[in-house]
Amino acid sequence: MLAMEYRGPKRVRAVQKPMPEIKHPEDAIVRVTRSCICGSDLHLYNGNVPDTRVGSTFGHEFVGEVVEIGSDVTNIKVGDNVIVPFNVACGRCYFCKQGMFGNCHQSNSMATAVGAIFGYSHTAGGFDGGQAEYARVPYANVGPTVIPPGMDLDDAVLLTDVVPTGYQAAEMAGIQKGDTVLVFGAGPVGIMAARCAWLFGAGRVIVLDKEDYRLEFVRNYAPCEAYNFEEIGDPVLFIKKITDWLGADCVIDAVGAEAAGNALQTITGRKTLLQAGSATALHWAINAVKKGGVVSIVGVYGPTDNLVPIGNAMNKGLTIRGNQTSVKRLLPRLIDHVQSGRLNPKAIITHRLPMEEVADGYRLFSAKLDNCIKPILLPPTVTR
Amino acid sequence: MQTKKIDYTQINGWGVDADPENDPTYPMQHREDAPPRDIFYDRPTQQPVDVEVLHSNERPDVTAVFGTTLPPSGLSGAIRRFAFKYSENEYKHWLPLIFADRVDVVEGVLKDLAHGHVPNIFAEKGYPMEWKYNRTAFVTKMATIAAITVGTVLLLNSGKDKKKAKYARGYRGK
C-alpha cells in the first residue's frame with residue numbers, strides 16, 4: 001500500500017509499505033478515505049519529538065472504511081465508515097473510565113506522560129498513522145465512531161482532532177458568560193478554539209498570530225478580533241490596554257513548540273533544542289491573563305523543560321490546564337454541532353493533495369505557502 | 001490601533017454550551033456524574049509480544065497493545081535501549097533518544113544506498129513547493145547556503161596549504 005514515510009528532519013516521501021495486519025482481537029483495519037496533516041505533525045517533521053524513528057508513517061487525523069475486524073470487535077462492522085479519534089484508548093483503564101481517553105494507560109508502552117497517538121513517534125506508542133491507504137486501529141470497540149449518514153467526509157475528518165481540540169481548549173478555559181477569551185495562534189486549532197469559545201458564552205474573543213492571511217480568515221470565520229503580534233509592539237501590553245488594564249479572563253495556547261516571536265525562545269527551543277520547543281505563546285499567555293484567570297494549553301510541547309514565568313503564574317493565582325483531547329468523550333456533542341450547522345469544520349480546508357505528493361504537502365503547510373491553513377491527503381483508492 | 005468588538009448575539013450557537021458548573025479546577029466532567037475512582041480494572045487481552053518493545057521503566061510491563069512496525073535496530077537501536085534504562089524524569093532518557101534519532105537518519109540514508117536507492121532530497125524536502133510559491137526567497141536561501149559552503153571549504157583548504165608550506169619549510173631546515 002502507499003504510505004507516507006519519515007526519513008529525517010524535513011524529509012518525507014510516499015512509498016510502498018506492507019499492509020497492516022490484525023495484531024490483537026480488538027483491532028480493526030481501516031481503508032483510509034481522508035487524512036490530514038496536522039500542526040502537531042510539524043513537530044515530528046522538524047525532528048523535535050524524541051524517538052521519531054526513520055520509516056515511521058505519520059497521521060493521526062483520518063477517517064475510513066472498516067475492511068477487517070478482530071475476533072472481539074463488536075461495536076463496528078466491515079463496511080462501516082468511521083471517524084478514528086487520534087488517541088488510542090482501551091476504554092477501561094483508570095483514566096479512560098474518567099473520560100480521559102487521551103491519557104489511556106494500556107496503549108503506550110514507551111512513555112507514561114502521554115497516551116498513545118496514531119502516527120506520532122514511539123514516544124506516543126509507536127503506532128503507524130493514517131497518512132496511508134490502510135491503517136491498523138487498535139481497541140476498535142472504543143475509538144472508531146460511525147460517521148452519521150449524510151455527513152461530509154471533509155467534516156468528519158476534522159472531527160478526529162482539530163474540532164475536538166479547539167473545543168476542549170475552550171472547555172478547559174472554564175469560560176463563563178461574558179468572559180474575554182484570548183487565543184494565541186490562528187492555525188486550524190486556534191481558529192476552532194476561537195469559534196468554540198462563543199459556544200461557551202464568551203463575551204469577547206481575541207486572536208493573535210503573525211500571518212495576515214490566517215488572521216483575516218479567523219476574523220471572518222470565528223468571528224473575532226484578530227491582530228498581528230508583529231504590528232502591536234509588546235503583545236502582553238497590548239492585551240492589557242484593550243482589556244481595561246486587567247488582561248483576558250481566559251487564554252488559550254494553540255501554538256505550542258513552533259512558536260515565533262521571541263529570539264531567545266526560538267534559538268533555545270527550535271534551533272538548538274535546549275528547550276522542549278519554543279514556549280513564547282505560553283510565556284505570553286501567563287503574562288496576558290487576568291489575575292485568577294485560566295490558561296488552557298493545547299499547543300504541543302516536548303517532554304523535557306521549557307522557560308516560562310511560573311513565578312507569575314503563582315503570584316497571579318492562575319489555573320493552568322492542559323491535556324491531549326479526549327476525542328471520544330466529545331464526539332457526540334460535536335457531531336450535533338456540525339449537523340445543526342453551529343460548526344462548519346470543512347471551511348478551514350484550503351488544500352487537497354494526492355498522497356503521492358505528501359512531501360509537497362508538508363512543505364506547503366510548514367512554510368505557510370499559498371495561504372495554506374489546512375491540507376488534506378487523498379489516497380489513490382479514493383475518487384479525487 | 002483601533003479595536004472593534006464583535007456583536008456576539010448574532011453568532012449561531014452562542015452560549016449553548018455555557019455551564020456555570022464548568023469549574024476549571026475540576027477536569028472535564030461533572031463531579032456528580034463521576035464514576036468511582038477504582039484503580040482496578042479488567043486488563044485488555046495482551047497483544048503477543050513478538051517484536052522487541054522498549055517500555056518506560058515507570059511502568060511494570062508492556063501495555064496490552066503496542067505499535068510493532070519499527071523495533072529498535074542498529075546503532076540507533078542500541079542507543080535507544082540505553083535510553084530506556086532511565087526514567088522519563090531523566091535527561092539520560094530523552095537526550096540519547098534525540099541523538100538516536102539523528103543516527104537513525106544516517107542509517108536510513110545508508111540503507112537506501114545499500115538497496116540501490118539514491119534518496120531524492122529535493123523532492124523529499126518538498127522544495128518544488130518552495131520553487132512554485134516562494135521562489136525568490138528560496139533561491140536566495142539556497143545561494144546563501146552555497147556561498148557559505150564554498151567559503152568554508154576554501155577557508156579550510158587555504159589552512160591546509162599554509163600547513164603544508166610551513167611543514168615544507170621546516171623540512172628544509174628553515
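Colleague: Before we start, what should I know about the numbering and the kind of model?
Modeller: Residues are numbered from 1 along each chain as its sequence is written, and chains are lettered from A and ligands numbered from 1 in the order in which they are written. This is a predicted model in which local features need pLDDT of at least 70 and side-chain atom pairs count only at pLDDT 80 or more, while totals for chains, interfaces and linings use all residues; side-chain values use heavy atoms, with hydrogens and water left out.

Colleague: What does Arg11(A) pair with?
Modeller: Arg11(A) forms a salt bridge with Glu124(B), at 2.7 Å from N to O. The pair crosses between chains, from strand 2 (residues 11–16) of chain A to helix 3 (residues 121–124) of chain B. Helices (H or I, at least four residues) and strands (E, at least two) are DSSP runs, numbered from the N terminus.

Colleague: Are those two buried or exposed?
Modeller: Both Arg11(A) and Glu124(B) are buried. Buried means under 20% relative accessible area, exposed over 50%, and partly exposed in between (1.4 Å probe, protein chains only).

Colleague: Which residues are linked with them in a network of salt bridges?
Modeller: The network links Glu5(A), Arg7(A), Arg11(A), Arg13(A), Asp112(B) and Glu124(B). Within this group, the side chains of Arg7(A) and Asp112(B) meet at 3.6 Å, N to O.

Colleague: Changing topic, what does Lys290(A) bridge to?
Modeller: Lys290(A) forms a salt bridge with Asp249(A), and the closest N and O atoms are 2.7 Å apart. The pair links distant parts of the chain, from strand 14 (residues 289–297) to strand 13 (residues 248–253) of chain A, 41 residues apart. Lys290(A) counts as partly exposed because its relative accessibility is 24%, whereas Asp249(A), at 17%, counts as buried.

Colleague: What is the secondary structure of chain B?
Modeller: Chain B has five helices and zero strands. Of its 174 residues, 29% count as buried.

Colleague: Where does Glu52(B) sit, and what is its partner?
Modeller: Glu52(B) forms a salt bridge with Arg81(B), with the closest N and O atoms 2.7 Å apart. Glu52(B) lies in the segment before helix 1 (74–83) of chain B and Arg81(B) in helix 1, so the pair ties together parts that are 29 residues apart in sequence.

Colleague: What does Thr68(B) touch?
Modeller: Leaving aside residues up to four places away in sequence, Thr68(B) touches Lys23(A), Gly126(A), Gln47(B) and Val51(B). Thr68(B) is in the segment before helix 1 of chain B and counts as buried because its relative accessibility is 13%.

Colleague: Back to chain A: which residues of helix 5 are buried?
Modeller: In helix 5 (residues 212–221) of chain A, the buried residues include Tyr213(A), Leu215(A) and Phe217(A). The buried residues of this helix pack against helix 4 (188–199), strand 11 (204–209), strand 12 (225–228) and helix 11 (358–366) of chain A.

Colleague: Where is the cis peptide bond?
Modeller: A cis peptide bond joins Ala222(A) and Pro223(A), with omega about -20°. Pro223(A) lies in the loop between helix 5 and strand 12 of chain A.

How values were computed:
Salt bridge = Lys/Arg side-chain N within 4 Å of Asp/Glu carboxyl O. Contact = heavy atoms within 4.5 Å.
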